[in-house]
Amino acid sequence: MEPDPRFTLANERTFLTWLSTALALSAGGVAMAAVPEGVFVPWARTLLAVVLVTLSALAAGMAYPRWRNIQRALRRQEPLPPPALAVVFGVGVTAVAVIALICIVIAA
């Protein structure tokens with residue numbers, strides 16, 4: 001059975017949002033890696049960049065499988081799968097923000 005087009009289009013928008021999020025996380029990671037040495041201690045700068053780029057890879061890598069699983073559930077009229085990586089992204093972005101905040105306060 002063909003799902004309501006509104007749900008299919010909403011699923012597609014969510015997929016594209018995951019890709020946009022991945023791009024933003026990647027840009028943040030590259031920007032963090034390019035921060036001058038005197039601003040953050042080198043290990044913190046590297047840690048933040050690696051975490052951001054890793055989150056970016058996860059978001060991009062999981063976007064299509066998630067879209068496909070939701071589309072399959074919509075077609076079969078089954079419950080939607082839970083967002084498996086929501087906790088990972090919440091904790092990851094929070095950790096980056098806290099570490100960056102600590103580095104900013106220490107550098108001030």
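The following legends describe close-up views of a predicted model. Residues are numbered from 1 along each chain as its sequence is written, and side-chain values use heavy atoms, with hydrogens and water left out. Local features need pLDDT of at least 70 and side-chain atom pairs count only at pLDDT 80 or more, whereas totals for chains, interfaces and linings use all residues.

**View 1. Annotated spans from UniProt.** The unreviewed UniProt entry places the feature "transmembrane region" at residues 43-64 and 84-107. UniProt positions are given in the numbering used here, feature names are shortened, and annotations may be inferred rather than shown by experiment. Residues 43-64 are 100% helix and 0% strand, with end C-alpha atoms 33 Å apart. For residues 84-107 the figures are 92% helix and 0% strand, and the end C-alpha atoms are 36 Å apart. Helices (H or I, at least four residues) and strands (E, at least two) are DSSP runs, numbered from the N terminus. The annotation "domain: DUF202", also from an unreviewed entry, covers residues 6-73; this span is 88% helix and 0% strand, and its end C-alpha atoms lie 15 Å apart.

**View 2. Helix α2 and its kink.** Helix α2 comprises 35 residues (residues 42-76), which at 1.5 Å a residue should span 51 Å; the end C-alpha atoms are 51 Å apart, in agreement. The expected span is 1.5 Å times one less than the number of residues. A kink of about 35° lies at Ala-63, shortly before the proline Pro-65. The bend at a residue is the angle between axes fitted to the seven residues ending there and the seven starting there.

View 3. Ser-26 lies in helix α1 (residues 5-33) and is partly exposed, with a relative accessible area of 25%. Ser-26 touches Val-53 and Ser-56, not counting residues up to four places away in sequence. Gln-71, in helix α2, is buried, with a relative accessible area of 5%. Leaving aside neighbours within four places in sequence, Gln-71 is in contact with Pro-3, Thr-8 and Asn-11. Buried means under 20% relative accessible area, exposed over 50%, and partly exposed in between (1.4 Å probe, protein chains only); contact means heavy atoms within 4.5 Å.

View 4. Gln-77 is found in the loop between α2 and α3. Its phi is near 55°, a positive value in a residue other than glycine. Most residues other than glycine have a negative phi. Gln-77 is exposed, with a relative accessible area of 58%.

View 5. On a 1 Å grid over the protein atoms alone, a cavity is a set of points where a 1.4 Å probe fits but cannot get out, and a pocket is an open set with protein on both sides within 12 Å along at least five of seven lines; lining residues have an atom within 4 Å of a point. Grid points are joined across faces, edges and corners, and a volume is the space filled by probe spheres set on the points. The whole structure holds 1 cavity of 30 Å³ or more, and the largest cavity contains about 40 Å³ of space. Its lining residues include Asn-11, Trp-18, Ala-63 and Arg-66; α1 and α2 each supply at least two residues of this lining. The largest pocket has a volume of about 150 Å³ and is lined by 13 residues, of which Met-62, Arg-66, Pro-82, Ala-84 and Leu-85 lie nearest its centre. Helix α2 gives the most to the pocket lining, with 5 residues.
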